[in-house]
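Have the sequence and the coordinates open as you read.

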Amino acid sequence: MKVDLIIENGAVVTSTGVMKTDIAIEDGKISALGSRSVFPEAEKVINAEGKIVIPGGIDTHSHFELLFMGERPPENWDVASTASAIGGTTTTIDFAQQEKGKSLMDAVKTQFSRAEKLSAIDYTTTPILTDLSDLDKVLDNMKEVVDYGIPSFKGATIYRKVGWYENDWQLYAVLRRLKELGGMMSIHAENGLIGEEMQAELIKQGKTDPKYHGIAKPNFVEDLATQTCMMLAEVLGTKTYIVHSTTREAPNIIANYRRKSLPVFCETCTHYLVLTDDTFEPKFPKGILYMCSPPLRKKEDIEALWKAISDGKVQTIGSDHVAFTKKQKEDHCDTFADIPNGFPGCEVRVPVIFSEGVLKRGLSLQRFVEVVSTNAAKLFGFYPKKGVIAPGSDADIVVLDPKEKRSLNAEDLHMGTDFSVFEGMEATGWPTFTILRGKVIVEDGKYVGNPGEGEFVKGKIEDDIIKTV
Ligand SMILES: [Zn+2]
C-alpha cells in the first residue's frame with residue numbers, strides 16, 4: 001500500500017509548535033505526522049529541507065467579481081483564485097452581495113455558480129446585507145443560510161449611497177437574530193453619518209483630491225463605530241467580527257470587550273500594515289489608486305497594529321482584495337468620494353505578512369499561522385477540517401521558502417488588474433508548493449491545477465472552538 005504524498009524534512013508549524021516532522025497524505029487528508037521511516041512508500045515525495053511548512057492560508061476577506069460603486073473588475077474567479085494559490089492561500093472567504101429585492105440565499109447561489117465552475121481554491125462566502133426594506137423577511141431568511149453552512153453575515157455602518165449601510169436599529173435586530181442562530185456578524189465599522197457628511201462638506205469646499213479621503217474619515221470615525229458595535233455585541237452576546245480595523249485604537253477597543261470573555265474579534269488587512277496615507281499624493285498617477293475604506297493611516301497606526309497582532313488583539317489578516325483597474329479608478333476620479341474603493345491583494349497577503357511580520361518584526365511562526373490561517377477556520381466554523389496540520393485535517397499545505405524574494409510589482413504578479421499598490425516593494429517568503437486537499441496546485445511559483453477544483457467549505461461555528469481564538 002502506498003500513500004499519495006509525503007512531505008519530508010520541513011519545519012512544520014503545528015497547533016502546538018514548530019517541529020521537524022514528515023507528513024503523510026492520503027485521499028486529500030493528512031494521514032500521519034512523524035518519521036518517514038515508518039510511513040508506507042509514497043507516489044510523490046516533496047523534500048522540504050530548509051522550508052517552512054504551514055497550513056494553507058485562509059483569506060478572511062476577498063471580493064471576487066464584486067460589483068461596487070458602479071464598477072465590476074474584469075478579473076474572474078479563476079484568475080483571482082489562481083493568484084491566491086500562488087500566494088499560499090487555499091481557502092477564501094468571499095462576500096456575496098444581496099441584490100435589491102432578492103434574498104440572501106439568492107446572493108449565495110449567484111456567487112457559488114461562478115465559484116463552482118472557476119475556483120482554483122476552496123471557498124465559502126459571507127452574504128452582505130444590502131436590502132433590509134423587509135427586515136422580518138431577511139431575518140427569517142438568515143436561518144436558511146446558516147443551515148446551508150454559512151454562519152456569517154456582513155453589515156456596514158457606512159456606505160449609505162451604495163446601499164450597504166445598516167442603521168443602529170437594523171444592526172441591533174440582525175445581531176439579536178444571529179444570537180438565536182449561533183451565527184457571527186461581520187461589520188465594516190465607520191460612522192457613516194459623520195464620515196459621509198464630512199466628505200460632502202469637503203467636496204462643497206472644492207477639496208476633492210484623494211488626500212481628503214483620510215481627512216473626511218479620521219481615526220475617531222472608525223473608533224466610534226467600533227465602540228458602538230462592541231456595546232451592541234455586549235448587550236446581545238452575539239459573536240461580532242470587526243472587519244479591516246485600521247487604527248491604533250481599534251484593537252484596544254475590541255480587546256476591552258474580549259477581556260469580559262465576549263466573543264468579539266478584530267481583523268486587519270495586509271495594506272494597513274504596510275502603506276500610509278502619504279500614498280494619497282500626488283493625485284495622479286497614483287493617489288487615486290489608493291482609495292480604500294477605511295482609509296490608509298499613519299506609520300504609528302501601522303506599528304500599533306503589528307504590536308496588536310503579536311499581543312493577540314488582532315485575530316486575523318484578510319486581503320480585502322478587489323481587482324479594479326487603473327481605468328476604473330480614473331473614470332470616477334472627479335472627487336475622492338466617487339472613486340471605487342478597494343484594490344488587489346489576495347496574492348501577496350501571506351508573503352507580505354511573513355516578510356514584514358516574521359522576518360522584519362520577529363512575529364512568531366505560530367502567531368503568523370494563527371493570523372493567516374488557523375483563526376479564520378475557527379471563526380468561520382470549519383476547524384479542524386482546515387487551518388491546522390494534524391492527522392484527519394484536509395491536506396491544505398504550503399511549503400514556504402523563507403528565502404525566496406519576489407517583487408510586488410503588477411507585472412510580476414498574477415491578479416487580474418494592471419496596477420499594484422505595493423509597486424516598488426519586495427516580499428521575502430513565498431510558496432514553493434501550494435497543496436489543496438493533497439493535490440499540488442502550485443509548484444515553483446507556477447499554478448499547475450485546474451480552475452474549478454475548489455469546493456465549498458461548509459461552516460458551523462462551535463462555541464468551544466471559537467473560545468480558543
Ligand atoms: Zn471588503
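Predicted model: local features only at pLDDT ≥ 70, side-chain atom pairs only at ≥ 80, totals over all residues.

## Helix α11 and its cover

Let's begin with helix α11, which runs over residues 349-361. How many of its 13 residues are buried? Ten of them are, so the helix is mostly covered. The buried set consists of R349, V350, P351, V352, I353, F354, S355, E356, G357 and V358. Just after the helix comes G362, with a positive phi of about 70 degrees.

## Packing against α12

One partner of α11 is helix α12, made up of residues 365-379. The two pack at an angle of about 150 degrees, and their axes are 11 Å apart. With that angle, α11 is roughly antiparallel to α12, because anything over 145 degrees counts as such. As for handedness, α11 and α12 make a right-handed crossing.

Which residues do the touching here? On the α11 side they are R349, V350, I353, F354 and V358, and on the α12 side L365, F368, V371 and V372. Sorted by class, this contact of α11 with α12 has eight nonpolar residues, one charged residue and no polar ones.

## Packing against α9

Helix α9, residues 299-310, also packs on α11. Here the angle is about 80 degrees and the axes lie 12 Å apart. That makes α9 and α11 roughly perpendicular to each other, because the range for that label is 65 to 115 degrees.

From α9, the residues in the contact are K299, I302, E303 and W306. They meet I353, E356, G357 and R361 of α11. By class, the contact of α9 with α11 splits into four charged, three nonpolar and one polar. I353 turns up in this contact with α9, and I353 is also listed in the contact with α12.

## S355 and T428

S355 sits in helix α11 and is buried, at 9% relative accessibility. Setting aside neighbours within four places in sequence, what does S355 touch? Its contacts are K360, E426, A427 and T428.

Now look from the other end. T428 belongs to strand β17, residues 426-436, and is buried too, with a relative accessible area of 15%. Beyond its neighbours within four places in sequence, T428 is in contact with P351, F354, S355 and L359, as well as P402, K403, E404 and K405.

## Cysteines without a bond

How many disulfides does the model have? The count comes to zero. C266 is in none, and the nearest cysteine sulfur, in C269, is 9.9 Å away.

For C269, the closest cysteine sulfur is that of C292, at 8.5 Å.

## Cis peptides and positive phi

The bond from S293 to P294 is cis, with omega near -5 degrees, and P294 lies in the loop between β14 (264-269) and α9. The bond from Y383 to P384 is cis as well, with omega near 10 degrees; P384 is in the loop between α12 and β16 (397-407).

N9 has a phi of about 70 degrees and is located in the loop between β1 (3-8) and β2. N9 is partly exposed, at 24% relative accessible area. S261 has a phi of about 65 degrees, and its place is the loop between α8 (250-258) and β14. Buried or exposed, where does S261 fall? S261 is exposed, with a relative accessible area of 66%.

## A buried loop glycine

Last stop: G17, in the loop between β2 (11-13) and β3 (18-20). G17 counts as buried, at 14% relative accessibility. Apart from neighbours within four places in sequence, G17 is in contact with V12 and Q366. The C-alpha atoms of G17 and V314 are separated by 20 Å, and these two residues are 297 residues apart along the chain.

Definitions and conventions: Residues numbered from 1 in each chain as written. Heavy atoms only, no water. Axes fitted to C-alpha atoms, helices over the stretch in contact; angles between N-to-C directions. Helix = DSSP H or I, 4+ residues; strand = E, 2+ residues; numbered from the N terminus. Parallel < 35°, antiparallel > 145°, perpendicular 65-115°, else oblique. Left-handed = near helix turned anticlockwise from the far one by under 90°. Contact = heavy atoms within 4.5 Å. Nonpolar A, V, L, I, M, F, W, Y, C, P; charged D, E, K, R; others polar. Disulfide = S-S within 2.5 Å. Buried < 20%, exposed > 50% of the residue type's maximum accessible area, 1.4 Å probe, protein only.
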